[in-house]
Amino acid sequence: MPIKKLLVAFSITTALLLSSVVKAQNNNPIIVQVNKPIAAVQPTMWGVFFEDINLGADGGIYAELVKNRSFEFYKPLMGWTVNQPKFNEGSVLIINRQETNIANPRFVRITKEVAADTLGITNEGFRGMGIKKGLRYDFSVMYRQQTAGLILHAELVSMVGKIIGTASLTPSAATGATWAKAAVSFNATDSSLRGKLNIWFEGTGKIDLDMISLFPEDTWKKRPGGMRADMIQLLADMKPGFIRFPGGCVVEGFDLGLRYQWKKTLGPVEDRQLIINRWNSEFAHRPTPDYFQTFGLGFFEYFQLAEDIGASPLPILNAGMACQFNSAEVVPIDQLDPYVQDALDLIEFANGNVNTQWGKVRAAMGHPAPFNLKMMGVGNENWGPQYLERLKIFSKAIKARYPDFKLVNSSGTDPNGERFDYLNGELRKMNADIIDEHYYRRPEWFLANAARYDNYPRNSSRIFAGEYAAQSDHTVSIENRNNAETAIAEAAFMTGLERNAAVVSMASYAPLFAHIDGWQWTPDLIWVNNLQSYGTPNYYVQKLYSTNKGTDVVLALMDGKAVTGQDSLYISSVIDKNTSDVIIKVVNASGNAINKMITITGAKKLSAAATVNTLKSSSVLDVNSFATPNAVSPVASTMPLKGNKLIASLPAHSFTIYRIAMK
Ligand code: AHR
């Protein structure tokens, strides 16, 4: 074709295309009506769900670098190696004083008789120790001298065997039955992603050691023995409305002996009795034999964390039932009292004045002011009549003492099916305050269920979307990826949660954290190694929602109907009465870019431009990584308004938030 004809043909096609775009803009505009709020958005709406899974606590947010610091793992020297070229029987001995110390029975006894001999122990850390050049490290031990004389030399070693930090510790020579603490700090001279700690013994003597510990200086809020700041910062940045803890299945345990017992997680860390983590051996395809819950991070620390990040605390307690996927062990009804008492005592621990039994414990740990606990979950993923029978006893006792306290009840493991229907019906008959629904489903399910709550009863129980995550493969598959497709599907589903804030009062993605070298479950919101952490595309979706929460839902309609998948669009809108903004969330789940006109009605005044945040990617398979942590993350821009109209320019597979000032 001659070039002239080609150009004519090209301009005709372009004109046709443009006119169809303009049509798309003007046909079926979205009408957002800002002066008639239809429901309040609860301050708790978007929160986080923390569980000690995937090395979430030990080896994760708990910044302790020494694994098995108290020699209580079922193999007492797990994580440790003994260094002695010339073997001496009994020079490194584990002693078990079970009769006198149930919480922390074991310690190590070091005996060295020949000064010239080499003797040391090495700790490998949790998949190594993350060491940062120039940072201060605090090394400490509890000790008891048998025969004074040994000097301890702590030594940090990098992955390539370079010594990158040293310190010496000469414990007091006083001998006796009581334990003392000795500590020394030193700076690292280099960084290492997987370092280790050597402790060499100089001289001769016999010493008992326990709670051998190493913490970095740069913990969250610089608290000694505290949490990993980069991981907590990612949570704080989300401004979550609540934090649910400590799980998840760890609440239940494989059996009741291994359930989470909050009272055992308080007080001095050396008195907190560790247990095996139920994720240790849950999956044969992801065994983690060195996974324990040491409870260095316990309920006091969780409450403190909630306060730090401005989130309402939401503890979940065991309902007298072990994990029903595992043993399904239940406590007999006539022996349920201690479990119920734990729930009542927890409220006193969090809120009671300092003269109450448990308020006093909180004050002694450094927090005389109450933690303002308003809700609690009874049971995680429990089901069947056995659950309801127990739940009723808890509810009666808690409501009798604290009538306004809200209880979260489990609706089992799935968002549909016989178990769900039974529980859903029965819980509503019981007037449950809040029903916890979980959905681990494929992205298509999330898209198809954006209208799930549109017909839920308004004057009945509220919903807590307590655990959800789109699975790119299938639940518990190791192939699941936190890719753009899953994030966009969740964003679409969340428009349905937001539109239905009249019934949905809380929602949280699960699980929250995963260590790249120690995970059991994927997908997860935030991935970490020993030094770095990054948010997945799903993290950015959660953050966009929680930092654009608003105060009241307003209607956003197309052809007079909520937008729940028509033309692959999903839309919800809120106003923020505090800032006088209207916030419009739009998901384009299709593979094509779409231009859509949005008309805002009912506002006296609107700003000339919207601030826009768009999450998109070139492929739905795109993921973030340590190398490219922001590959799929929001990009900010502005978009002019024409009067009360805005042309939303929606890339393929995207999530866009428009924020427009109304004053
Ligand atoms: O989030 C991982 C697990 O999924 C939780 O522990 C449990 O509640 C659910 O089955």
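Tutor: Start with the second largest cavity, whose volume is about 90 Å³. This is a predicted model, where local features need pLDDT of at least 70, side-chain atom pairs need pLDDT 80 or more, and totals for chains, interfaces and linings use all residues. Residues are numbered from 1 along each chain as its sequence is written, and side-chain values use heavy atoms, without hydrogens and water.

Student: Why is a space called a cavity and not a pocket?

Tutor: On a 1 Å grid over the protein atoms alone, a cavity is a set of points where a 1.4 Å probe fits but cannot get out. A pocket is an open set with protein on both sides within 12 Å along at least five of seven lines. Grid points are joined across faces, edges and corners, and the volume is the space filled by probe spheres set on the points. By this rule there are five cavities of 30 Å³ or more.

Student: What makes a residue part of the lining?

Tutor: A lining residue has an atom within 4 Å of a point. For the second largest cavity, 13 residues pass, and Ser-70, Met-211, Arg-272, Leu-274 and Thr-294 lie nearest its centre. At least three lining residues come from each of domain 1 (80-216) and domain 2 (246-524), with bounds from an automatic or database domain assignment.

Student: How do you know the class of each lining residue?

Tutor: Ala, Val, Leu, Ile, Met, Phe, Trp, Tyr, Cys and Pro count as nonpolar; Asp, Glu, Lys and Arg as charged; the others, Gly among them, as polar.

Student: What is the volume of the largest cavity, and which residues lie nearest its centre?

Tutor: Its volume is about 240 Å³. The largest cavity has 19 lining residues, with Ala-63, Leu-65, Gly-130, Arg-228 and Asn-530 nearest its centre. By class, nine are nonpolar, five polar and five charged.

Student: Which elements give two or more residues to the lining of the largest pocket?

Tutor: The largest pocket holds about 600 Å³ of space. Its lining takes two or more residues from each of strands E9 (136-147), E12 (180-187) and E14 (205-216) and helix H3 (299-308). Helices (H or I, at least four residues) and strands (E, at least two) are DSSP runs, numbered from the N terminus. The lining of the largest pocket has 31 residues, and Tyr-62, Phe-215, Pro-224, Gly-225 and Val-269 lie nearest its centre. By class there are 15 nonpolar, eight polar and eight charged residues.

Student: Where is Pro-511 found?

Tutor: Pro-511 sits in the loop between strands E23 (504-509) and E24 (513-515). The peptide bond from Ala-510 to Pro-511 is cis, with omega near -15 degrees.
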